[in-house]
Amino acid sequence: MGFLDRIFRIGEGKIIKGLRNIADQVNALEDGFVALSDEELREETDRFKERLEAGETLDDILPEAFAAVREAARRTLGQRHFDVQIMGGVALHNGMIAEMKTGEGKTLVATLPSYLNALTGKGVHVVTVNDYLAQYQSELMGRVYRFLGLTTGCILSGQSSAERREQYACDITYGTNNEFGFDYLRDNMAWSLSDLVQRGHHYAIVDEVDSILIDEARTPLIISGPASGDSNKWYTEFAQIARRLKRDVDYEIDEKKRTAGILEPGIEAVEDYLGIENLYESLNTPLIGFLQNAVRAKELFKRDKDYVVLNGEVLIVDEHTGRMLPGRRYNEGMHQAIEAKEGVDIKAENQTLATITLQNYFRMYEKLAGMTGTAQTEAAEMKSTYGLGVVPIDTNLPMIRQDQPDLVYKSEAGKFSAVVADIAERHHAGQPVLVGTVSVEKSELLSKALRKVGIPHEVLNAKQHAREAAVVAMAGRKGAVTVATNMAGRGTDIMLGGNAEFLAVERMREQGLDPAENPEEYEAAWPTVLAEVTKSVAEEHAEVVELGGLYVLGTERHESRRIDNQLRGRSGRQGDPGESRFYLSMEDDLMRMFNSQLAESMMNRAGYPEDTPLESKMVTRGIQSAQTQVESRNFEIRKNLLKYDDVMSRQRSVIYDQRRRVLSGEDMREQIQHFITDVLTDYVYAASAVGPPEEWDLDALWTALRTVFQPSIEPEDVIEEAGGPQRVTREMLLEEILSDARLRYQDREDSLGADNMRELERRVVLAVLDRKWREHLYEMDYLKEGIGMRA
């Protein structure tokens, strides 16, 4: 354990002791709540709200509120919170990250602090990794909240503003980080109060907190609109040029830094192709960006790894979860360069209209908490960026999974044939196998090899996103083989013999029952259906336990140790047996990019056979060193992104606060008068800055004024009033113009009516504010790009 980790774990024992004490208090109250009727249990919610209004705090009512939720969950879902789940709930209420291993029932844990904090009436947001889980969890856990008299909402992509507003108005709202973040940005582009959907940022619980606050934090949320100018033709042109250029002859690539450098022969080839003399003269400067993007698209962005092409559209694949990110596009022309490379329609370049990092979005919440199975490796970053402490919660039953040492092969081909042989052996014995791959491309390669030897299996990657939960729920059945990218169904438990809860929900759906539409029938049918499914699953569960439980096989180490640990953690849940092993090769990306000398020396060892694994401490150390390098590089990327956004954040909050005041109907009359004074003063001072009064160009001043308002007086009137051109003073000139402008303003108000005038003022201020903010974002993007080039 590192020095920093030890520092962050100081006082951990004391915290856990405090959590255990509260769990004991909840246990002591249990019998009293079990004795209550359904109606009496429901009335507890009203009593809690009255006590809060009378001045008690959430901490005062916590043990009783948790006891009420535990009993409600037992009656609705047939699930009673374990003591460790109560402890996890208290940690979440205290604004911490509860590190709970896979299969410990984190979804159920979230019901405790969600209910307690929702009693304040300010709303609770539960953040999940995808739409499917948001909907599934809100429906399932919504039954507990509804039983206790609270409402549950769910934000899904494709909902209208009215639907979203309704969901946010609920006591507890489920949704993904992207939906919450983009709704915040859209609210700050709204033109009227009725368009706003969110109602504040009171308390958020982030499920799979490491995935959302660490992995996804490298990409800011951006709302963009089409930029002006037609540059699309150049993308196609440069895609053709890039195909002709040769790596290491015309250009060189640094895979670690993900950069391309054009060499002299390459520059000459481009100049020749375009028929220009000097690519680097100022007139041709924009072309250098197109060339860079075309070469990077060719070499650094791989189809079926970084993106997929579906229905003629390039969709980014999240490198950490293997999920597609519809609606997200690479910026600075990179997406267009990939579209040109793939020969699909090139969409117009976009300009940023609004942007925020996930770090700054989540730091807006008054209280933030999170759950995950793997947070300890990132405890320092969680503390420094979000102020969140990590508290490890014990498993309910001891962990008995066996983690086998890595097997390292000389070549990728040798590794994959050993992987197929191992899967075949386990499959024939009936043991379920979950295979983890790092990209869509590798998962399809392995799937092909398995088909060749006749092993039936399921593939889970960005292209099969919709079936994810159903496949994962069945991955623990006897003889099941599941090949998955990193998405590996986070949030859906792999239970040996099959996931009874998931199967029961599916069966209820088949019977046409919906927990929100017909709650009474649903609750009445649930115990019978769950009991039937549990019975059928139990027999298979016992068989699979006998066979050794779920076998997790990793085909490559991921850049982050945490993601390797997540894959391992799919096996050995709730005291079940299990086993995990990673198969690696010296040709894997991680080894090649970050430990190339070590890889080469091992591969060139005379006559070393392809199909014999190496077991070497040096290789294991090499892998750990490579992962540490990548983790620190990614941390630097997140830190720099946050530094940029911290500057923007201060500016954003000023602009967004001003927008909100305008939307809320603030009377803009006084501010508009200030604007008029400021603008006209600037015009007059500029016109009277040089020379004596008779040399001032008053005609030019009046031409400028007409762009702002139509003056009812002319320069001659002012000269006449002063008694000659040499007697005109700056103060007098300003006073005449201001007086005229105010009269024109009053005329406009009289003709429109005061209310209409105030509304018009608000509209104009919003339009100008938005335009100036857009221009500022454009300048900041340009500045950031320039700094990147210097670096």
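**View 1. Buried residues of helix α13.** In α13, the buried residues (under 20% relative accessible area, with exposed meaning over 50% and partly exposed in between, using a 1.4 Å probe and protein chains only) are Leu287, Ile288, Phe290, Leu291, Asn293, Ala294, Val295, Ala297 and Glu299. This is a predicted model, where local features need pLDDT of at least 70, side-chain atom pairs count only at pLDDT 80 or more, and totals for chains, interfaces and linings use all residues. Residues are numbered from 1 along each chain as its sequence is written, and side-chain values use heavy atoms, leaving out hydrogens and water. Helix α13 spans residues 285-299; helices (H or I, at least four residues) and strands (E, at least two) are DSSP runs, numbered from the N terminus. From first C-alpha to last, the 15 residues of α13 reach 22 Å, close to the expected 21 Å at 1.5 Å a residue (1.5 Å times one less than the number of residues).

**View 2. Strand β18 and its two partners.** Let's look at both faces of strand β18 (residues 481-484): Val481 and Val483 on one side, Thr482 and Ala484 on the other, are all buried. In a regular strand, side chains alternate between the two faces of the sheet. Strand β16 (residues 433-436) runs parallel to β18, joined by four bridges (strands pair if DSSP finds at least two bridges between them). Strand β17 (residues 458-460) also pairs with β18 in the parallel sense, over three bridges. Find Val483 in β18: Val435 is its bridge partner, and Val459 stands opposite Val483 too.

**View 3. Leu752 in its helix.** Leu752 lies in helix α29 (residues 730-752). Is Leu752 buried, partly exposed or exposed? Leu752 is partly exposed, as its relative accessible area is 34%.
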